[in-house]
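Subject: Structure handover

Hello,

Here is the structure we spoke about. Please open it alongside this email and look up each residue as you read.

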Amino acid sequence: MAEQEIVLWPDLRLTEVCVPVEEVDLTLLADMFETMYAAPGRGLAAPQIGVMRRVFVMDPTWKDGVATPYVCINPEITARSDAQVTGAEACLSIPGVEAEIARAETITLRYQDAQMRMHENNFSGFAAACAQHELDHLDGKVIFDRLSTDESKRLQAAYA
Ligand code: NI
């Protein structure tokens, strides 16, 4: 297991739609966690290390001293609250940029774990925002795609 290099914006791999996972790759999952914690971040999607498959890992609380690691394979949002919250988001692939993004406050996420067991969990607060952010990566979307055109241009210019 090894820390992997993080793919940085504007690498085109961050704009591609990933393909479903059919077989679990435990080494990939271990590498993703190692890379995420070392970064240090609270979520990492496979395309961020150049693997174009529908899987992300997240641990929304470890920076607060309590680890709650999740492996989310073939994730799908099956319900989302009408209520939205806006929070500051950063992305390991776009270092130095922070954007205020509106997301559903609560979501129901269906996904498979590292044993390919199916789960359907509700997430709210930061975990919900984190899951939505990581799922966006699997659809080739980054935080710039969740902003108004003006705000997106402004932040992209500042990043470049
Ligand atoms: Ni990101």
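Below are some notes on one helix, a metal site and a few aromatic side chains.

This is a predicted model, in which local features need pLDDT of at least 70 and side-chain atom pairs count only at pLDDT 80 or more, while totals for chains, interfaces and linings use all residues. Residues are numbered from 1 along each chain as its sequence is written, and side-chain values use heavy atoms, with hydrogens and water left out.

Start with helix 2, residues 125-138. Helices (H or I, at least four residues) and strands (E, at least two) are DSSP runs, numbered from the N terminus. From first C-alpha to last, the 14 residues of helix 2 reach 21 Å, close to the 20 Å expected at 1.5 Å a residue; the expected span is 1.5 Å times one less than the number of residues. Of these 14 residues, 12 are buried. Buried means under 20% relative accessible area, exposed over 50%, and partly exposed in between, with a 1.4 Å probe and protein chains only. Just after the helix, G140 has a positive phi of about 75 degrees.

Which residues hold the nickel ion? C91 (SG), H133 (NE2) and H137 (NE2) coordinate the nickel ion at 2.1 to 2.3 Å. Donors are N, O and S atoms within 2.8 Å of the metal (3.2 Å for Na, K and Ca); water is not among the atoms, so sites may look incomplete. The donor spacing in sequence is C-x41-H-x3-H. H133 and H137 are both in helix 2, 4 residues apart, about one turn of the helix, and both are buried.

R103, in strand 5 (residues 98-104), is buried too, at 4% relative accessible area. Its side chain makes a polar contact of 2.9 Å with that of D136. A polar contact is a pair of N or O atoms within 3.5 Å; within protein, one must be able to donate a hydrogen and the other to accept it, and residues adjacent in sequence count only if both atoms are side-chain atoms.

The whole structure has 4 aromatic pairs. Rings of Phe, Tyr and Trp (its six-membered ring) pair if their centres lie within 6.5 Å; planes under 30 degrees apart count as stacked, over 60 as edge-to-face and the rest as tilted. Y37 and W62 are edge-to-face, because their planes are at 90 degrees, with ring centres 5.1 Å apart. Ring pairs also link F33, Y37 and W62 into a cluster.

Regards
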